[in-house]
Amino acid sequence: MKEYIINRVHELYWNNDINCAGTTIICLSELFEISVEQQTIWSAVGMHGAGGYRAQCGLVEGALMFMGIYLHMLGKTGDEIVSACYNFASSFDKTFGSLRCFELRPTGFLESDPPHMCEKLTCSGIEFAYQYILEITGQ
């Protein structure tokens with residue numbers, strides 16, 4: 001699973017130029033073997049720190065979007081999904097030190113930044129989300 005995430009993130013970043021939120025949704029949907037509508041991927045296009053504003057991290061946003069889809073498919077109630085999302089955000093914050101792109105990517109989005117600067121963080125964030133979802137669904 002870890003090797004799959006590393007390879008898939010690299011492919012989506014470098015070959016398709018998909019941002020962290022879209023990459024998270026795609027990777028999680030593939031890992032959990034469910035299809036996600038193309039419109040969902042399109043909706044994530046501006047979610048890399050709120051379009052580069054450096055607000056909420058796209059790894060968090062992508063994972064939350066995926067959990068809403070996946071947990072709904074498993075028959076969870078709205079309240080259960082909200083609780084799972086809250087707990088994910090709390091766990092992500094404790095593990096990574098923030099939910100904000102501003103803190104996770106301290107240089108922001110400068111022209112001088114290397115491409116796909118958050119690739120390693122993306123792999124860690126997706127693995128974290130995958131393990132979290134496995135845990136809460138008892139898989």
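Helix α3 gives the most to the lining of the largest pocket, with three residues. Keep in mind that this is a predicted model. The pocket itself has a volume of about 540 Å³, and 29 residues line it. Nearest its centre you'll find Asn 19, His 48, Arg 105, Phe 109 and His 116. Two or more lining residues come from each of α2 (20–31), α3 (38–43), α5 (58–73), α7 (101–104) and α8 (119–137). Sorted by class, the lining has 17 nonpolar, eight polar and four charged residues.

Now for the rings. The structure holds ten aromatic pairs, and a pair like this is described by the distance of the centres and the angle of the planes. Here are two of them:

| Pair | Arrangement | Centre to centre | Between the planes |
|---|---|---|---|
| Phe 66 and Tyr 70 | stacked | 5.5 Å | 15 degrees |
| Phe 88 and Tyr 132 | edge-to-face | 5.2 Å | 65 degrees |

Where do Phe 66 and Tyr 70 lie? Both are in helix α5, four residues apart, which is about one turn of the helix. Phe 66 and Tyr 70 are both buried, too.

The other pair reaches across helices. Phe 88 lies in helix α6 (residues 78–96) and Tyr 132 in helix α8, so their pairing ties together parts that are 44 residues apart in sequence.

Conventions:
Residues are numbered from 1 along each chain as its sequence is written. This is a predicted model: local features need pLDDT of at least 70, side-chain atom pairs count only at pLDDT 80 or more; totals for chains, interfaces and linings use all residues. Side-chain values use heavy atoms; hydrogens and water are left out. On a 1 Å grid over the protein atoms alone, a cavity is a set of points where a 1.4 Å probe fits but cannot get out, and a pocket is an open set with protein on both sides within 12 Å along at least five of seven lines; lining residues have an atom within 4 Å of a point. Grid points are joined across faces, edges and corners, and a volume is the space filled by probe spheres set on the points. Ala, Val, Leu, Ile, Met, Phe, Trp, Tyr, Cys and Pro count as nonpolar, Asp, Glu, Lys and Arg as charged, and the others, Gly among them, as polar. Rings of Phe, Tyr and Trp (its six-membered ring) pair if their centres lie within 6.5 Å; planes under 30 degrees apart count as stacked, over 60 as edge-to-face and the rest as tilted. Buried means under 20% relative accessible area, exposed over 50%, partly exposed in between (1.4 Å probe, protein chains only).
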